[in-house]
Amino acid sequence: MSKSAGVPRQVRVRALAKINLDLRVLGKRPDGYHELRTIFQTISLADTLDIGFTTGRKTSIELEDELNIPDNLVARAAGLAMDAIGASGRVEMRLAKRIPMGAGLGGGSSDAAAVLLALPVLAGRALDARKMRELAEQLGSDVPFFLLGGRAVGIGRGSELFPLPDRPACPGVLVAPGIHVSTPQAYRRLSPRLTSESLQNKIVSFQSHTWDPAWGEAAVNDFEAVVFEQHGDLAILKKRLTGAGASTALMTGSGSALFGLFRNRDEVTHAIASLRDEKTFRISLVNRARYRAMWWRALGQHMNGRVWPPRSRYLR
Ligand code: C5P
C-alpha cells in the first residue's frame, strides 16, 4: 500500500464465513423482509482483508479485489464507518476472497463487519456498539452476526441476536457446487408457500431444537425445498454427505453451499475423498471465545484499551 502524508496504520484481518445450523422462514413482514428463526455459526473458512488508514484532510476509499465485485459491501462499510466516527483520511483496502459468493456463507457480510470492527480502531476513534450495530443492519441482515461470532440465534430479519453456549467443536465438510443462488429470488419463491399453520409448528420445533443436544439430525433449512426444486444436484449432494456419515447435512442460508458435520477428522477425510469431483473445504466450527481472540490478536497492536471491543450485550 502506498504511503502519503501522515503515518499509515495497517492491519490484516480474517473475515470468517458462517453457516446456518437451522433456518426457518416464518412469513413476510410489512417492511418486505421475512421473519426468521435461525442459528448462525462461524466457521474457519475466511477471506483476508488488508486495511490501511492514513489521517488526512480529505477522505478517499480505495478497494482492490481481484474479482471486481460490483457494489462491494466493503467499500460501503468503510464509507459508513468514516462518517460515523467523523474521521477523514485515506482508506486503502485489499480483499482476497476465499469464501465462495452467492453460496449462503455470508462472505460479503463478514467482510463488511470486519471493516466496521477494524477501521475505527485504526483511525483511533471509538464507534459505540449501538451505532456499529445500526450500521451493520443497514448493510445487510447477516452483518450484525459477524460483530458477535460463535453460535447465536437470529430472529427478526436475522439481525436480532441471542448468543448460544458453545457446543463441543466438531469437524465438517463444506461443499460449494458453484451455483449462484439469488437470495431475493429464493425468498420470492418460498414466500407464497408460507402458511400460518406451518408458522406455529415451526416456532415450536425451532425452540425445542435450539437447546436440544441431539438437535443435528432434526435440523431444517426451509430454503432447501425451493432451491432443490430448481437445482436437483444439490439434493443429491445432501444425500452424498449423509451417505458419507454426516450427523448433520444441510444447505446453508439460501444456498447453494452445503455442509456436513462429522464425529471426527477421519470421517471428514473419508467424506472429502468420496466427494472428490466437487469443490470441498475442510472446516471447523469457530466458537465465540476463539472469534474474539482472533480479533484481539489482529487489532491488539492498535488498541488503546478503550476503543475495542465495543461494549454491548452481544460482546460479553
Ligand atoms: O438484508 P439483505 O440485504 O442481506 O437481504 C437481501 C434480500 O433478501 C432482501 O432484499 C430481501 O429480499 C431478502 N430478505 C428477506 N428477509 C430477510 C432477509 C433478507 O426477505 N430476513
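Which residues are exposed on the other side of helix 9?

Modeller: Happy to! Keep in mind that this is a predicted model. The exposed residues you ask about are A289 and R297. To place them, let's start with the helix itself. Helix 9 runs over residues 288-299, twelve residues in all. From the first C-alpha to the last, helix 9 reaches 16 Å, close to the 16 Å expected at 1.5 Å a residue.

Now for the side opposite A289 and R297. Buried in helix 9 are R288, Y291, R292, M294, W295, A298 and L299. Looking down the axis of helix 9, these buried residues fall within an arc of 155°, so they line one face of the helix. If you are inspecting side chains, note that the buried set includes two arginines, R288 and R292, whereas the arginine R297 is exposed.

What covers that buried face? Several elements from elsewhere in the chain contribute, including strand 1 (9-28) and strand 2 (34-55). Helix 2 (107-123) is also part of the cover, as are strand 5 (151-156) and strand 6 (160-163).

Finally, have a look at the N-terminal end of helix 9, which is capped by N287. A side-chain oxygen of N287 lies 3.2 Å from the backbone nitrogen of A289. That brings us back to where you began: A289, whose backbone nitrogen takes part in this cap, is one of the exposed residues on the other side of helix 9.

Notes. Residues numbered from 1 in each chain as written. Predicted model: local features only at pLDDT ≥ 70, side-chain atom pairs only at ≥ 80, totals over all residues. Heavy atoms only, no water. Helix = DSSP H or I, 4+ residues; strand = E, 2+ residues; numbered from the N terminus. Expected span 1.5 Å × (residues − 1). Buried < 20%, exposed > 50% of the residue type's maximum accessible area, 1.4 Å probe, protein only. Arc of directions from axis to C-beta. Contact = heavy atoms within 4.5 Å. Polar contact = N/O pair within 3.5 Å; in protein donor to acceptor, adjacent residues only side chain to side chain.
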